[in-house]
Amino acid sequence: MNAAKLTKKYMMLIVLILLIVFFSIFGENFLSVENAITVCRQVSIIGICATGMMFALLTAHIDLSIGATVSFAAVFWAKLISTNEGIMMNPYLAMLVVLFFCVIIGTANGLLVVKTNMPALIATSTVLEGVNYLITDAKPISKIDESIYWIGQSYVGKIPMPVIVFGVIVIVAGVILGFTYIGRYIYATGSNSEAARLAGLNTDMVNVAAYIVSACLCGVAGFVLCSRLRSGTATTGTQYQSKALTSCVVGGISMRGGEGNIYNLLVGVFVIGVLSNGLTIIGVNDYWQSVAQGIILAFAVGTDYYSRTHVKTTLRTAKS
């Protein structure tokens, strides 16, 4: 592998290292165990959502209903286990109920997208946003069962539980994508859907399955977020949609499908996490943080599209 390919492959890892060095110099207490744990906790929910987004991206789709699905899972679960709502279902049984509806959401997303080529944002996101307001009546749902606070607030040693949940999901996703036939089917579908179909692969089923995985992981993110905040609101998950997409693309998961892995996901998640945390420590306000994240996203997407276009141009030139 030549220097150019190595640089492209590890470019965002180099960016991550440079960010850590920069904030270590200019940010007080940035390079401390306590702050490292804080960064991990801050990126855990984003990482869970980004893992779901990764499955959609690898099949050459973008799940733009992530924010609404996280909010749905949080408010629906809060509704089922709130002591104010009169339902007071067992919180773990309620989890299964919510995940069942997440499977329905993912299936609906997938079928609408693969059968009609409709963008996922149009498919179910706006519907879910309305459902979230209907569930909450535009008010926060509080006084949820205290027995579930451990999911978002407890520690194992010094490690926050949300970080452990994210870690388990990363390991499972890495095994599925790297060592199973399911992973091979996902990469084949994203790389060349028509070739995969002609080879006998049911690409529609693979695409729907990717959306189901994405929706279920949004459900898990909703559980963690609800127990961490001790409440659920209709806009709880709004911010995670763009951050999940940014994390994936910045890390090197291609928006054109078939390219990326769990390493790319982790790099992207921590680039966004370190950038946000470091800018906060040195006193940069949220608006400029959004600008910085937007610049990094534009750079990553531009690099991805340029490299793919350059490869196609090179191949055409070589053939001619």
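Reply: Happy to! Keep in mind that this is a predicted model.

Me: Which helix gives the largest share of the nonpolar patch?

Reply: That is helix 2, residues 11–26, with 5 residues.

Me: Let me pick Phe26, then. Is Phe26 buried or exposed?

Reply: Exposed means over 50% relative accessible area. Phe26, which is found in helix 2, has a relative accessible area of 55%, so it counts as exposed.

Me: And for a whole helix, how many of the 14 residues of helix 12 are buried?

Reply: For burial, the cut-off is under 20% relative accessible area. In helix 12 (residues 238–251), 10 of the 14 residues are buried, so the helix is mostly covered. Among them are Tyr240, Gln241 and Ala244, and the buried set also includes the run of Leu245, Thr246, Ser247, Cys248, Val249, Val250 and Gly251.

Me: What comes just after helix 12?

Reply: Gly252, which takes a positive phi of about 120° there.

Me: Now a loop, please. Where is Ser231 found?

Reply: Ser231 sits in the loop between helix 11 (203–229) and helix 12. Its relative accessibility is 17%, therefore Ser231 counts as buried.

Me: Which residues is Ser231 in contact with, leaving aside neighbours within four places in sequence?

Reply: With those neighbours set aside, Ser231 has contacts with Ile141, Ser142, Ile144 and Cys226.

Note on methods: Residues numbered from 1 in each chain as written. Predicted model: local features only at pLDDT ≥ 70, side-chain atom pairs only at ≥ 80, totals over all residues. Heavy atoms only, no water. Helix = DSSP H or I, 4+ residues; strand = E, 2+ residues; numbered from the N terminus. Buried < 20%, exposed > 50% of the residue type's maximum accessible area, 1.4 Å probe, protein only. Contact = heavy atoms within 4.5 Å.
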